[in-house]
Amino acid sequence: MSMLEEFKKFAMRGNVVDLAVGVVIGGAFGKIVSSLVDQVIMPPIGWLTGGIDFSQLKWVLKPADPATKTAEVAIQYGAFINTVITFLIIAFVIFLMVKAINRLSRREEAKPAVPPDVVLLTEIRDLLKARP
């Protein structure tokens, strides 16, 4: 088997394709959640806290100096707060999805499927019992 054929076999396995789809959807989902946090959740929180924009919060270690053209050195903890909130929302949504999937799989397990042979044999048994 040539290396190209082996790679094609590897790349086209079901779980590799599923993983690729999951990564692409996960990336898009991450953008949606980032937008939700930055544009929907954080503005009301900022309003409730007196107009604080968390993404602009920082601890300046060394201010910018225009004379020497050095940039500001700062720890941007506000962006970190936004990232933590985004993570918590993503983790919660994934938790809800896994919980729903588990609930559905338990319902399927709870209904034991009766094979058609058993139903047919039960009917034959009942008919035989009913004969005089």
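In which helix is the place of Asn82? In this predicted model, Asn82 lies in helix α3, which comprises residues 77-110. The relative accessibility of Asn82 is 9%, and the residue is therefore classed as buried, the limit for that class being under 20%. When neighbours within four places in sequence are set aside, the contacts of Asn82 are with Val37, Asp38, Met42, Phe54 and Ser55.

Salt bridges were examined next. Two such interactions are present in the structure. One of them joins the side chains of Lys58 and Glu72, with an N to O distance of 2.8 Å. This pair connects distant parts of the chain, its members being 14 residues apart. Lys58 belongs to the loop between α2 (14-48) and β1 (59-62), whereas Glu72 is located in the loop between β1 and β2 (73-75). Lys58 has a relative accessible area of 37% and is accordingly partly exposed. Glu72, at 35% relative accessibility, is likewise assigned to the partly exposed class, since this class covers values between the 20% limit for buried residues and the 50% limit for exposed ones.

The other salt bridge is formed by Arg125 and Asp126, whose closest N and O atoms are separated by 3.2 Å. Arg125 shows a relative accessibility of 44% and so counts as partly exposed. For Asp126 the corresponding value is 39%, which again places the residue in the partly exposed category.

Note on methods
Residues numbered from 1 in each chain as written. Predicted model: local features only at pLDDT ≥ 70, side-chain atom pairs only at ≥ 80, totals over all residues. Heavy atoms only, no water. Helix = DSSP H or I, 4+ residues; strand = E, 2+ residues; numbered from the N terminus. Buried < 20%, exposed > 50% of the residue type's maximum accessible area, 1.4 Å probe, protein only. Contact = heavy atoms within 4.5 Å. Salt bridge = Lys/Arg side-chain N within 4 Å of Asp/Glu carboxyl O.
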